[in-house]
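My entries follow, in the order I made them.

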Amino acid sequence: MIQELQLRVAPEVAGQEEELRTFISKTLKIDSKEIRHIEIVNRSIDARQKTIYFNLKVLVFIHEDFVEKPILLPDYPNVSNAEEVIVVGAGPAGLFACLQLILSGKKPILLERGKDVKNRPLDLKEINIHHNVNEDSNYCFGEGGAGTYSDGKLYTRSKKRGNVREILELLVGFGASRDILIEAHPHIGTNKLPKIVKNIREKIIERGGEVHFNQRVVDLLLNGNRIVGVETKNGDKIYAKKVILATGHSARDVFELLNQKQIEIELKLLAVGVRVEHQQSLIDSIQYSCETRGPFLPPSPYSIVKQVNGRGVYSFCMCPGGVVAACATKPEEIVTNGWSSSKRARPSANSGIVVELRREDFKPFAEFGALAAMEFQKSIEHNAWIAGGKRQTAPAQKLGDFVNGKLSVDLPKTSYTPGIKSVELKNVLPDFIYRSLQLAFKEFDKSMRGYLTNEAVVHAPETRTSSPVSIPRNPETLEHVRIQGLYPCGEGAGYAGGIVSAAMDGIRCALACA
């Protein structure tokens, strides 16, 4: 027989197969030898009290053999001679759109402005070591999009927009660990994502699709209110009746192109702030209420939200055991983000701490219309570049000094490879953001005692939390509200916020196309 159990167990039980077997046998009052296999279906940590537990949903195979069912990819047809659909952008929205187009019998022509995953690290080295930014190949642009080299979290609240399990199973089919099907907060890791992305690309090509790198789209070809194709920076004109536009939240040249061509776009509210780095051991001690984490607990994340002066201030893209990354997409700007490898084994933890913005915050940029939020972002990023010495050196401050308005005499060690420079960040950030953060950090410390420490370092700025524009589309057809055949898609169009939700939106747009 197979028995399903909901268990609440200590970390050392959850982390050791024999201990778990013994615990279950006592619970069921049977001999442990009768248990042939224990299959963990769901796993989460409850660290709300001083005593930490794992919540497990398990299937117990009693006198019955277990045969693991493989996660199989769909039977993708060959679409070499099928109707073509252009997909702009090889992030999760674009890649999953291509897979769905193939399933629907359409041939995707995938155009990516950046390089493939094998060659992208060369440009990441340029920005980290030599402070040179390649506008088409960086942490945000290139095969796999921003997610490939910025962590690989698979958390989403957008479960009504699509089938989350479908996305996770596809990722497993393309090489991700089956653990992502179990964990409450699944995570792939920057070190493992490139292989998965490569496998997806190879499947697209194998089944008759096309993938082209170094092909930045510089124009949309229109016939009246209908799209007929695109033009790339190389002067190539590629024609198709349908185009999925999945360029990501940092494709500012695309937003400017749409605005210039009077294709409707809208200002979208977002959040802006800083990226704070602590020692992981400190975060563990706060979250787990213990001096040392021990071998059976993972590096602890944190998630925190406070209301300050009527604004939400919250953690964003928190990376346990991770690295603060240099994510500029053009020269003369600084942008920070974070990532973790699959084991989250680095000694520091970092998180964006951001302030929600209101429409009135963009009044100084009103002349830019729908691009006002984008210009707001750009102004902060350029200020940071100047403050950092006109290099990728990030302006920084000790957390305690930031709260007390003091210039830091020295700075803690940072994982941010281009280096940091001591700066009073009130001279980099808009005043209302700076003051909101000052107050919020004091509130954070009330909930997470020890968080507000001068051993932590504040890097500026964290600006790319989401797209600064949305591209309106018909809620039924998913086409642009006016341009027929144009499908705004994913995070860059304002319809997603992370790998899973972007992938789901890519599938939705592909189904609408088909």
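How many salt bridges does the count come to by the rule I used? The rule takes a side-chain nitrogen of Lys or Arg within 4 Å of a carboxyl oxygen of Asp or Glu, and the count comes to 37 salt bridges.

**Basis.** I note that this is a predicted model, in which local features need pLDDT of at least 70 and side-chain atom pairs count only at pLDDT 80 or more, while totals for chains, interfaces and linings use all residues. Residues are numbered from 1 along each chain as its sequence is written, and side-chain values use heavy atoms, with hydrogens and water left out.

**Salt bridges.** I looked up Arg-178 and found a salt bridge to Glu-68, with the closest N and O atoms 3.6 Å apart. The two are 110 residues apart: Arg-178 is in the loop between helix H5 (164-173) and helix H6 (193-206), and Glu-68 is in the loop between strand E3 (53-62) and strand E4 (84-88). Helices (H or I, at least four residues) and strands (E, at least two) are DSSP runs, numbered from the N terminus. For burial I used relative accessible area: buried is under 20%, exposed is over 50%, and partly exposed is in between (1.4 Å probe, protein chains only). Arg-178 has 27% relative accessibility and so counts as partly exposed; Glu-68, at 45%, also counts as partly exposed.

Next I checked Asp-136, which forms a salt bridge with Lys-233 at 2.9 Å between the closest N and O atoms. This pair spans 97 residues, from the loop between helix H4 (120-129) and H5, where Asp-136 is, to the loop between strand E8 (226-232) and strand E9 (237-239), where Lys-233 is. Is Asp-136 buried or exposed? Asp-136 is buried because its relative accessible area is 7%, whereas Lys-233 is partly exposed at 40%. Both residues belong to a network of salt bridges that also links Arg-113, Arg-216 and Asp-253.

I also recorded the salt bridge between Arg-464 and Glu-333, 3.0 Å from N to O. Arg-464 is in the loop between strand E20 (457-462) and strand E21 (469-470), and Glu-333 is in the loop between strand E15 (322-326) and strand E16 (336-340), 131 residues apart. Arg-464 and Glu-333 are both buried.

**Rings.** I counted rings of Phe, Tyr and Trp (its six-membered ring) as paired if their centres lie within 6.5 Å, with planes under 30 degrees apart called stacked, over 60 edge-to-face and the rest tilted. That gives 9 aromatic pairs. One of them is Phe-365 with Phe-376, edge-to-face at 6.0 Å centre to centre and 85° between the planes. Phe-365 lies in the loop between strand E17 (348-356) and helix H9 (372-387), and Phe-376 in helix H9, so the pair ties together parts 11 residues apart in sequence. Both Phe-365 and Phe-376 are buried.

Why is the pair of Phe-444 and Tyr-451 edge-to-face? The ring planes stand at 75°, with centres 5.7 Å apart, so the pair is edge-to-face. Phe-444 and Tyr-451 are buried, and they are part of a cluster with Tyr-302, Phe-402, Tyr-434 and Phe-441.

I then looked for charges over rings (NZ of Lys or CZ of Arg within 6 Å of the ring centre and within 35 degrees of the ring normal). The charged end of Arg-113 sits over the ring of Phe-141 at 4.1 Å from the centre, and that of Arg-473 over Tyr-495 at 3.7 Å.

**Sheet.** I traced an open sheet of 7 strands in the order E13-E14-E17-E12-E20-E18-E19, with mixed pairing. Strands pair if DSSP finds at least two bridges between them. The edge strands are E13 (305-308) and E19 (420-422). Strand E12 (residues 271-279) runs antiparallel to E20 over 4 bridges, and Val-276 stands opposite Val-458 in E20.

**Backbone.** Most residues other than glycine have a negative phi, and most peptide bonds are trans. I found a cis peptide bond between Ala-460 and Pro-461, with omega about -5°; Pro-461 lies in strand E20. Ser-289 has a positive phi near 55° and is in the loop between helix H8 (280-288) and E13. Glu-332 has a positive phi near 65° and lies in the loop between E15 and E16.
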